[in-house]
There are 2 protein chains.
Amino acid sequence: MKKTAAIIGGGVIGGGWAARFLLNGWDVKIHDPDPEAERKIGEVLDNAKRSLPALSENMIIKEGTLSFATSIAQAVTGADWIQESVPERLDLKHKVFAEIQKHAKDDALIGSSTSGFKPSQLQEGATDAAQIFVAHPFNPVYLLPLVELVGEPATTAQAKSVLETLGMHGLVLRKEIDAHIADRFLEAVWREALWLIKDGVATTQEIDDAIRYGFGIRWAQMGLFETYRVAGGEAGMKHFIEQFGPCLSWPWTKLMDVPELDDALVEKIASQSDEQSGQYSIRELERKRDDNLVTILRGLKARNWAAGAILADYETRTKPGLPNDIAKPLNTLNRVIPIDWTDYNGHMNESRYGQVFSDAGDTVMTMIGATPEYIAGGLSFFTVENLIQFRNETHPGERITVITQVLQAEGKKLRMYHEMHRANDDGSPGDLLCTCNQLLIHVSLETRRSCEPGPDMAAKMAALHEAQTRLPKPESMR
Amino acid sequence: MKKTAAIIGGGVIGGGWAARFLLNGWDVKIHDPDPEAERKIGEVLDNAKRSLPALSENMIIKEGTLSFATSIAQAVTGADWIQESVPERLDLKHKVFAEIQKHAKDDALIGSSTSGFKPSQLQEGATDAAQIFVAHPFNPVYLLPLVELVGEPATTAQAKSVLETLGMHGLVLRKEIDAHIADRFLEAVWREALWLIKDGVATTQEIDDAIRYGFGIRWAQMGLFETYRVAGGEAGMKHFIEQFGPCLSWPWTKLMDVPELDDALVEKIASQSDEQSGQYSIRELERKRDDNLVTILRGLKARNWAAGAILADYETRTKPGLPNDIAKPLNTLNRVIPIDWTDYNGHMNESRYGQVFSDAGDTVMTMIGATPEYIAGGLSFFTVENLIQFRNETHPGERITVITQVLQAEGKKLRMYHEMHRANDDGSPGDLLCTCNQLLIHVSLETRRSCEPGPDMAAKMAALHEAQTRLPKPESMR
C-alpha cells in the first residue's frame, strides 16, 4: 500500500527527507511557511534525483507524488511518517508537535530532526509522548544512511524498520543524551578547530586537509575503534588502550574533563571491540581496511578531488613515456590489477578487460597527437567496435602488459589489435590473457559526429600506418 | 640518482615508511633492536605490496633494495632521509637523534614520526637543531597521503618536495603545537568516545557506526569547514558560523574551554573559507560533494563494507524479478548511468558498456539457475567473446534498458545478443546505444575449465533455446 510522509519544515534537511521518501515511492506532503520553500526544496530534489538513483545497479526509482500543504493540519492528515525539521527552538517545536498531534493518525510515526534536544524535552506537554522520537539524519539526507533514533523502544524499533526500506540505517540510542552521539564528536572537533584558527596555528584549508588526507578516509570505512583495533595489531585492543591511556593526561586539546581509564573501562572497551570485530583476525582487518582505502582513493582520483587529486598529480608526474619505436609492436600499457576491478568469480570482471583496451588505445591516440589538450580543443576519437576474446583469467595484484599493433590509421579510422598478457618479472609479456580488435573514429566533440583529422595528425597516422602494417600479423590473430 | 632512506624503529609506522620509500625506488636501510623487527616489517611490506601499486593506472613499481642494519650508525651513514619512529619517550628520542647526527650526512633530512612532541622539544641538545623536524604520518603510511611537517621552514619545504615524489602530501604547520593538528582532533573525539562508553550511552560498534555511516564519509572528501560551507548554503559561511555559535554554550561535550566567537574570529573563518573554496558556487560544491559521496558509497558497496553494506542489503531487497515470459525478447537490465562510469569525453566510458552487458548476461544466467548459490557451489559461466558495437553516447543520470535475445543455449554454450537502449519515461526502449554479441561457456571454478552443466540447468537452457531461437532476429542484427 502506498505510504505518505509529511515533512514539516523544508530547508536542506526537510528537503533531503522529502527526497528519500519520494524516490522510494512514498507520497510526500510538505509544509513550510517560508514563501521560498518550494524553490529551496526543488533544488534539494534536483540534487537528489541526479545522485540517489545512481547508487543502485538497478532502476529503483518509483517516484511518489509531491505536494505542498498550506497548513500543518493539511500536511499530516493521513500521513504514516511525520518528520519535523523546524528551527532548533524548543518552544517552537512544542507548538508544532501540538498541532501535529491534533491532526495526525494515532499510529503515525512523529520524528524530529533535532540535532541537540532529547526526546524527553521534545515530549513535554505532548498528548501522546511515546509517539514523538528523535530521528536525526545527516546532510545530504538523500545519500548518507545514518539516522540517530532516540525515544520509546517500541517506537524507535518501528522507525528503524521503515528507514531500512528507504536504504537508511537507524542507530537506536540506549539512553537519551544531549546531541545524541555523532554531534557530540562534531562539536568536540569544531571547538578544537576554532581554537586552532583563533590561535593562528592553522587555516580552514589546512584543517580540512589534515582531516581528508588522513583520518577522514579511515573513518569513512571503519570509524574510530575498529581503526584503533587494527592499529593495535596482534597485541590486542586492551593493550592498545592501556598504552593510549597516558596520552590523555597530556595537555593536547584545550581544557576538558577526562574519564579515568581504570581497569573496568579498559575491559569494557576491549570486550565491546571483540564483540564488534572479533570475527576477523587483525590481518584480515588490515586487508579489508586496505582494500577499502584503495577503493575510496581510486574513486576520489577519478573525481580529481581531495586525496584523489594528490594521486592524480602523482600519476601525471610518474606517467611513462610513449613507445618511441613505431616500427615494432607497441607496448601501450603496463599496470597492476586493482581490487575494485574484481567480480563475484574472484577474478577481473570482463568489463575491465575493456577498460584495459580503452587505456591502451589512449596511448596510441596520444602518440598521434590526441592528447588531453587536443581533446579539450573539441576533437577526439570514439570507439565504434570492440571484438574482445577472453583467453585467461587475471586476479587483483597481478601485473599485466598490453602489446598493440595498429592495423589501420587512415582518414577518420584508427583500428588496433591489442594483446593483453600477464607480465613476467622483467615486465615482458607472459601468458596471453585476452585480445581486442578495436575500431576508433575521429570525431568532433561539438557535432558529436565523425570528421577528418587535421594535416598534423593525418601525417602522424600515415607514418604509424606505414610502419605498423608492414609488421607480420600477431600470432594470436592468425 | 638513487636515494637512500634510513628507518630507525620498525613497527607499523616505520614499516609503512619503509614501504613508501621502497616502492618508489629508494633503497631502504632499517634499524630496530627488536629481534622480531624483520618479521613485523615483512608483514607491513606484504600489505603495502598488495595495495599501493594498485592505486595507479600505470606500473609505478621500481622497487629499491631493502636491508637491515645492526646499528643506527650503519643505517644512517649516507642516507638522504632518516625517519625516526621509536617509542614516544623524549629521553629515548634525544639519544637516538644524538647517535643519528653523529653519523648522518650534514644535508640529510631527519624526520620524526612523533604524534605529540614539538620540534623544539625534539631538538633539545642537538648538534644541528635545524636538521630535525616532525614528519608525522598516518597509518597505513603506504596508503594515506598526509604527513604533518613541523620545523625550520627551509627544512620542511625540502621535506615537502621529497614527500611529493612519494605521492604524499606534506602539510607544513605555521606554528609548533602539542600533537600538531590532526591528533588534537583525534584526542578530542577519543575522550568524548570514552565518556560515552563509560556512561553506557553507546558501544564501540555504535560509535563506529555513528561515524562511518554519517560524517566520516563527508570528512573523507571535504573535511570540516568545506562541509559546513556547503551546509550553510547561499547565506554564506559567516551566517552559518554566527548561527552555529550559540550551540557552543550548550552543555554537549564534557567540560571544555570554549573560544569566544567574536566578530574577529567569525570574520577570520569566513575569509579563510572564501579563500579555500570561494572559486566554487555552493551549488557546484554540493554537486562535487554528491558525486564524491556516490563514488565512495558505490566503492564501499562493491566491498560490501560499512555504508556500502547497507546499500548492498538494500539492493538485494529491491532487486527486480526475472523476466517471466521466455517467448519474448528478455528485458535483462534497467538502470541509471552513475557518475563513476564517465571518462574524459564526459560520457560513459566504453568499458562500462561491457559492464552493462556483463550484468545483463547475469540476468539470463540467473534465469537458467546460475544463481549466487550455484556459483558458490563451484560452477559458473565465463565470457569467452564479446563483439561490442557502439552506436550512441550516454551520460550520467540517463536511464537505460537492455533487451536480450538468446541465440544459443546448448551444451556448455550460452550465446546472447544484447541491445542497450536509452529508456523512455515509461521504461520502454528508446534510442539504440550499443549492441553486444556475447558468448559464455559453462565452467568449473575448481578446474577453471569448461564443463557440461547438470540436467536441471540443461533443461532450462533447452527451454530458453527453444523459445528464443523461434523469435525473429533483432532488427539491429540483420
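Eight strands of chain A line up in an open sheet with mixed pairing, in the order E3-E2-E1-E4-E5-E6-E7-E8. Strands here are DSSP runs of E with at least two residues, helices are runs of H or I with at least four, and both are numbered from the N terminus; two strands count as paired if DSSP finds at least two bridges between them. At the edges sit strand E3 (66-68) and strand E8 (169-172) of chain A, each pairing on one side only. On average, neighbouring strands of this sheet are turned by 25° against each other, direction ignored. This is a predicted model, in which local features need pLDDT of at least 70 and side-chain atom pairs count only at pLDDT 80 or more, while totals for chains, interfaces and linings use all residues. Residues are numbered from 1 along each chain as its sequence is written, with chains lettered from A and ligands numbered from 1 in the order in which they are written.

Within the sheet, strand E5 (residues 109-112) and strand E6 (residues 132-137) of chain A run parallel, paired over three bridges. Ile110(A) faces Ile132(A) of E6(A) across this pairing. Helix H1 (residues 11-22) of chain A lies across E1, E2, E3, E4 and E6 of chain A, at about 165° to E2(A). Angles run from 0 to 180 degrees between N-to-C directions of axes, which are lines fitted to C-alpha atoms, for helices over the stretch in contact; contact means C-beta atoms, placed from the backbone, within 7 Å.

As for the two chains, a rotation of 180° with 0.0 Å of shift along its axis puts chain A on chain B (RMSD 0.1 Å), the relation of a two-fold axis.

Technical notes
Contact = placed C-beta atoms within 7 Å. Least-squares fit on C-alpha atoms with pLDDT ≥ 70 in both.
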